[in-house]
Every structure is written in C-alpha cells, then in structure tokens.
Amino acid sequence: MSRPKPWEIDDDLWALIEPLLPVVERRPDHPGRKRLDDRKALQGILFVPATDIQWEWLPQELGFGSGMTCWRRLRDWNQAGVWQQLQAILPAKLRGANQLDFSRAAIDAPPGFAGGTPTHVRALRGGPKPARARSTAPGRARSTT
C-alpha cells in the first residue's frame, strides 16, 4: 500500500475538521461562482508548505483552486479560530486512541517551569556586542599630490 501524501486528508480526519469550519452561505441575489470545496482548499493549504512553493505557484491542475483562494481560506479559518480548536481536539483524540508517539516530541515549557530550575538566563544589558562591521562601500582614493 502506498503512503499517503502529506496534503491528502483522509475521511476520518476530515470528519473532525469539517464541523470546525465556518459555513459560508451563497447570496441568493448575487450567487456568483460556486465556492471551492473546503476539503480541496485545505489540501491546497497543506500542499504549499509540503512542497515548499509560493502561494501563487500552486498548480491549478491539482484541483486545489488558486493559491490566493487557498491563502484567503487559511486567513479566514485562522480568524475564525479553526486551528486553535483543532489543536485542542486532535491531541485528546489521539491520546484516547493510544496513537500519540512521543519518541520524536519536543516540549517547550514556560520559563522557570522545569521543577524549580531556571530554564533560561536573561542576558543583562543585551549580552556582548559584536564588532562593528566593516563598510563595503568604496572609500576615497589616496591623494596623488
């Protein structure tokens, strides 16, 4: 069986995400073009960082819509708090199914949280100053007189 691509969303994950997405109704007086399916837009959003391309280079042939459409959908969902809700739901669901693998986890704690041991040290006065960078601009030529 082939491994799924990082931007593909399986049905179980989509069932968790879909209820979190805001519902946008079509205007009956000016319906305009039919809105791109949210699942396709999400796959387009995931495709951009997975392939390290720019939004405007998102291939239309893949059916994810334009890069600007995906970027706007990402912005709208971010403003609606979709990612924060998903971040609260997914770990609990995975932990309940015993599917969390902490072998590659990195944990960041608030300052001073490591059992009373300071986790950071403040650099007083901003720390050491680097040496002044030499100018790369052309200097004045030597006098020939």
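Let's start with the largest pocket. Its lining is made of Pro22, Val24, Arg33, Lys34, Arg35, Leu36, Thr69, Arg72, Arg73, Asp76 and Trp77. Keep in mind that this is a predicted model. How much space lies in the largest pocket? About 350 Å³. How is such space found at all? A probe the size of a water molecule is rolled over the atoms, and that shows where empty space is left. Six of the lining residues are charged, four are nonpolar and one is polar. Please hold on to two names from that lining, Arg73 and Trp77. Both will come back.

Next, the overall picture. The chain has 145 residues, and buried residues make up 17% of them. Its secondary structure is four helices and zero strands. Read from the N terminus, the order is α-α-α-α. The accessible surface is about 12,600 Å². Carbon and sulfur atoms account for 54% of that surface. What about contacts along the chain? Take the contacts with a separation of 6 or more. Of these, 55% join residues 24 or more positions apart.

Now to Asp38. Where does Asp38 sit? In helix H2, which covers residues 38-51. Is Asp38 buried or exposed? Its relative accessible area is 19%, and the cut-off is under 20%, so Asp38 counts as buried. Leave out residues up to four places away in sequence, and Asp38 touches Trp14, Leu21, Arg73 and Trp77. There are our two pocket names, Arg73 and Trp77, both in the lining.

Follow one of those contacts to Leu21. Leu21 is in the loop between H1 and H2. At a relative accessible area of 7%, Leu21 is buried. Beyond four places in sequence, Leu21 touches Trp14, Asp38, Trp77 and Val82. So what do Asp38 and Leu21 share? Trp14 and Trp77 are on both contact lists, and Asp38 and Leu21 touch each other. Leu21 and Asn78 are 57 residues apart along the chain, yet their C-alpha atoms are separated by 10.0 Å.

The loop between H1 and H2 holds Glu18 as well. Is Glu18 buried, partly exposed or exposed? Partly exposed, at 44% relative accessibility. From Glu18 to Arg39 is 21 residues in sequence, and 8.0 Å in space, C-alpha to C-alpha.

On to the aromatic rings. The count comes to three aromatic pairs. One of them is Trp7 with Phe47, an edge-to-face pair. Their centres are 4.7 Å apart, with 75° between the planes. Trp77 is buried, with a relative accessible area of 1%. Trp83 is partly exposed, at 25%. Finally, Trp7, Phe47 and Phe64 form one aromatic cluster.

That brings us to Gln43. Gln43 is in helix H2. At 11% relative accessibility, Gln43 counts as buried. Which residues does Gln43 contact, setting aside neighbours within four places in sequence? Trp7, Glu8, Ile9 and Phe64. Two of those, Trp7 and Phe64, belong to the aromatic cluster.

Last stop, Asp52. Asp52 is in the loop between H2 and helix H3 (67-79). Asp52 is not a glycine, yet has a positive phi of about 60°. Buried or exposed? Exposed, at 70% relative accessibility.

Trp7 pairs with Phe47 and contacts Gln43. Thanks, that's all from me.

Definitions and conventions. Residues are numbered from 1 along each chain as its sequence is written. This is a predicted model: local features need pLDDT of at least 70, side-chain atom pairs count only at pLDDT 80 or more; totals for chains, interfaces and linings use all residues. Side-chain values use heavy atoms; hydrogens and water are left out. Helices (H or I, at least four residues) and strands (E, at least two) are DSSP runs, numbered from the N terminus. Buried means under 20% relative accessible area, exposed over 50%, partly exposed in between (1.4 Å probe, protein chains only). Contact means heavy atoms within 4.5 Å. On a 1 Å grid over the protein atoms alone, a cavity is a set of points where a 1.4 Å probe fits but cannot get out, and a pocket is an open set with protein on both sides within 12 Å along at least five of seven lines; lining residues have an atom within 4 Å of a point. Grid points are joined across faces, edges and corners, and a volume is the space filled by probe spheres set on the points. Ala, Val, Leu, Ile, Met, Phe, Trp, Tyr, Cys and Pro count as nonpolar, Asp, Glu, Lys and Arg as charged, and the others, Gly among them, as polar. Rings of Phe, Tyr and Trp (its six-membered ring) pair if their centres lie within 6.5 Å; planes under 30 degrees apart count as stacked, over 60 as edge-to-face and the rest as tilted. Accessible areas come from the Shrake-Rupley method with a 1.4 Å probe; for residues, only the protein chains shown count as cover.
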